[in-house]
Amino acid sequence: MGDRHYPDGTLLGRARVPGHSHPRIVTVRNDELVDITARGFATVRDIAESGRAAEHVRTAAGQSLGTADTILANSVAGQGDANLPSLLSPIDLQAIKASGVTFVVSLLERVIEEQARGDKSRADSLRGEILGLIGTDLSALVPGSDTAMKVKAALIERGVWSQYLEVGIGPDAEIFTKGQPMSSVGYGAEVGLHPVSSWNNPEPEVALLVTSKGDIIGATLGNDVNLRDVEGRSALLLGKAKDNNASASLGPFLRLFDGDFTLETVKQSELSLLVKGEDGFVLEGHSSMSQISRTPESLVAATIGGHHQYPDGLVLYLGTMFAPVQDRGGAGKGFTHKLSDVVAISTSELGTLSNRVNLSTQCPPWTYGASQLLRDLAQADLL
């Protein structure tokens, strides 16, 4: 990949292109961003549902829009030229779903959030206390196993059982709706924090592209922006903590599975996180997909099947093992975002997803929905 923000492979995305009222479907060929929008294949949804997504993207006729690097640079919020193309989120009509508490480190931090009742000043002392009480290596536990149930019983006896431990080591995964179709933002866009939050963090994740039949056909990077204080006050506030304007970021492109890139590749991915603040603060993190406690297949099966259908397919965030505890602004205060932080999430297989942090009330409002997309495509005779 070198210094590029995108990998080699079969890439699929969307772009805003001057002169067109609707997003264009794009891929990358020889470092050029190529518009492959065609009648019947004018949405990522239709390509994903075709049964031959990778083949279509590789072989579809197209027109160069310019170099991919130039267009990625033009996609950075506040720095772009409206007369040039810019990237959008690489999905359109798919449901945006997420799984939570799928890594042990994240699981422990969720317990701490709950016990602290959203008070970040109590988190450091609680962390040591809870780790002492658990007294076992949860990373060795298989969720739902007899051993996991024994640990659950021991924790209940000690008074530290939590709803997060239930979904972390219990039989059922946590699956929730991260956002509505068409609401996600892409590479370079601002990501939003609800203004009530004073304790929040990025969540670097891999997200899977899943068809309406439940087939996993590709992956991308995601930032599942999280409000720790809001969710910590009550898990029933998950909607307020997770689903806000510009709070779901995906990109830069979907990479479709082919002979060189498969779900097994995803399972071995190593994610890196870099947060840079205008105050000079730098936070680095690392996440290994091999440490996930539930398989991606099992998380997809918990989301779609006989119990729930998604006619336009879905994207599923797989959860994060990254839980920042590095102090910012004083000892024991832990990490929280400041406005204008730049968050970069990277893997060699999927590229780099970069976004700048703002308040959700200050990010561009979400105004272009599914109905407008379909009207525009119908008018362009692309349906």
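I started with ring pairs: searching the whole structure, which is a predicted model, I found three aromatic pairs. I picked out Tyr-6 and Phe-253, which pair edge-to-face, with 6.4 Å centre to centre and 85° between the planes. Tyr-6 sits in the segment before strand S1 (11–16) and Phe-253 in strand S13 (residues 248–256), so this pair ties together parts that are 247 residues apart in sequence.

Next I asked myself: are Tyr-6 and Phe-253 buried or exposed? I found both of them buried.

I then stayed with Phe-253. Setting aside neighbours within four places in sequence, I listed its contacts, among them Tyr-6, Leu-11, Leu-12, Val-26, Leu-33, Leu-72, Pro-90 and Thr-220. I also met Phe-253 in the largest nonpolar core, which has 56 residues. There I noted it as one of the residues with the most contacts inside that core, a list that also includes Leu-33, Val-206 and Leu-318. I logged a second, separate core of 25 residues, including Ile-25, Val-44, Ala-53 and Leu-254.

My last entry is on a sheet. Which order do its strands take? I read S8-S18-S17-S14-S15, five strands in an open sheet with mixed pairing. I marked strand S8 (190–193) and strand S15 (282–288) as the edges, since each pairs on one side only. From one strand to the next, I noted a twist that averages 25°.

Methods. Residues numbered from 1 in each chain as written. Predicted model: local features only at pLDDT ≥ 70, side-chain atom pairs only at ≥ 80, totals over all residues. Heavy atoms only, no water. Pairing = 2+ DSSP bridges. Helix = DSSP H or I, 4+ residues; strand = E, 2+ residues; numbered from the N terminus. Axes fitted to C-alpha atoms, helices over the stretch in contact; angles between N-to-C directions. Core = buried A, V, L, I, M, F, W, Y, C linked by side-chain atoms within 4.5 Å. Buried < 20%, exposed > 50% of the residue type's maximum accessible area, 1.4 Å probe, protein only. Contact = heavy atoms within 4.5 Å. Phe/Tyr/Trp six-rings, centres within 6.5 Å; stacked < 30°, edge-to-face > 60°.
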